[in-house]
Amino acid sequence: MRTSLIPAVAAGAALIVLPLAAHAAQSEPVGKTSTHGSFTYAVYGDAPYGVGPTDTSETDATPAFIESVNADPEVSTVVHVGDIHSGKQFCTEAYDRQIAGLWSHFADPLVYTPGDNEWTDCHKAAEGGGTYNRTTGQIDVVKDAQGNPVDYAGGNPVRNLDLVRSTFFPEPGATLGSGSLHTTSQATAFDPAHPEDAAYVENVIWKQKGFVFVTLNIPGGSNNDTDPWYGAPAMSDEQAAETRQRTAADLRWLDRAFAVASADDAQGLVLVEQADLWDLDGKTAAHLSQYEPIVQSLAEHTEAFGRPVLALEGDSHVYRSDNPLQHAAPCAADAGVCSYDAWNSHPSYDVSNFHRIVVHGSTVPLEYLKLVVTPGGHRPTTSTSFGPYSWSRHVEG
């Protein structure tokens, strides 16, 4: 465990003076609950995917998938860990609204955290953005037959994040789907010393039966959005500001979540975000360097909290269950995934009360992770359990 740059307890204590909204303190979804006191979430992500702009196979399969989740008598809440389309599909307003429309058919509340493909990576030509022209110094935007940009706002990531927010987060704290799950959004509970954090409506916290849940907007695949947009020689001022401001807001919201968990004597904390913070994706560990402040904060807070912390991620979208904050920790995954010890991506940590699950995605039939949280549970750490948490994979149909 490396030496803390900012004492975790002190950072959290400064935020306790900003209590969560009263209704969030009693957050309980109206829907199906277990008679044994446990509660169950359906977690999925990297879906619906397509292999190209005209591939709608997973989108077409989504209504049946939603019916399958709705039919599960134990699921009370749905969580989507980001990436509502693949890196080979365009970023359009029509598509975003189509997905929001499909999600309205979930019988339970749905909590969503954005992925890179629906905003950070919209600048890429493969997603319909464009390419930096080294001769002119301008962006050659991908256009349709009528000469119009195929991507919303020509693929500009900031504008596409604005679109995601207006489409999926029109009301701070409100969830998607049906039912009622009250969350507290950073947009309404930001630190007054940082009013700029009010922009992050997608970052939320909620509580249920002694557990704290938190979402963070951390895009994967681009070193926390530091790969220059459109393939330009360097980041633009707009991109640099986006990365800097969002990372700072995420860190403050993570401080807030652990402060709430500590003040409430919570049994555990669950982090939901899109980026696989440890996935090399064919690159060197240096390509993950901009995630280091987040990993460090998470490690320090988790160790200080001393109770089970579970992270749910997408991004690399091949199932994996392990503790990347411990060297050579047991790993369970689909074939070949565990050949790399994820701890090596951010070494020097040794935190035992942490576990993460990379949620499987981008497949037909679609599948979800059935996560059961059991208050008072003390299961051993295995490939499918960790203290109060246990899980299994469920394929639609």
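A disulfide is here a pair of cysteine sulfur atoms within 2.5 Å. The structure is a predicted model, in which local features need pLDDT of at least 70 and side-chain atom pairs count only at pLDDT 80 or more, while totals for chains, interfaces and linings use all residues. Residues are numbered from 1 along each chain as its sequence is written, and side-chain values use heavy atoms, with hydrogens and water left out.

**Disulfides**

The structure holds two disulfides. With the bonded cysteines of the protein chain numbered in sequence order, the pairing is 1-2, 3-4.

| Disulfide | S to S distance |
|---|---|
| Cys 91 and Cys 122 | 2.1 Å |
| Cys 331 and Cys 338 | 1.9 Å |

The link of Cys 91 and Cys 122 is left-handed, with -90 degrees about the S-S bond. Cys 91 sits in the loop between β2 (75–80) and α3 (93–103), and Cys 122 in the loop between β3 (109–112) and β4 (130–132), so this pair ties together parts that are 31 residues apart in sequence. Helices (H or I, at least four residues) and strands (E, at least two) are DSSP runs, numbered from the N terminus. Both Cys 91 and Cys 122 are buried. Buried means under 20% relative accessible area, exposed means over 50%, and partly exposed lies in between (1.4 Å probe, protein chains only).

For Cys 331 and Cys 338, the torsion about the S-S bond is about -75 degrees, so that disulfide is left-handed. Cys 331 is partly exposed, with a relative accessible area of 29%. Cys 338 also counts as partly exposed, at 29% relative accessibility.

Strand β10 covers residues 268–272 and is mostly covered, with five of its five residues buried. Gly 268, Val 270 and Val 272 point one way from the strand, and Leu 269 and Leu 271 point the other way.

Two strands pair if DSSP finds at least two bridges between them. Strand β9 (residues 211–215) pairs with β10 in the parallel sense over five bridges. Within this pairing, Thr 215 has Val 272 of β10 as its bridge partner. From β9 the chain crosses through helix α5 (residues 237–263) to β10, a right-handed β-α-β crossover. Right-handed means that, with the strands pointing away from the viewer, the path from the first strand over the helix to the second runs clockwise.

β10 also runs parallel to strand β11 (residues 309–313), joined by four bridges. The bridge partner of Leu 269 in β11 is Val 309. Together, β10, helix α6 (residues 292–305) and β11 make a right-handed β-α-β unit.
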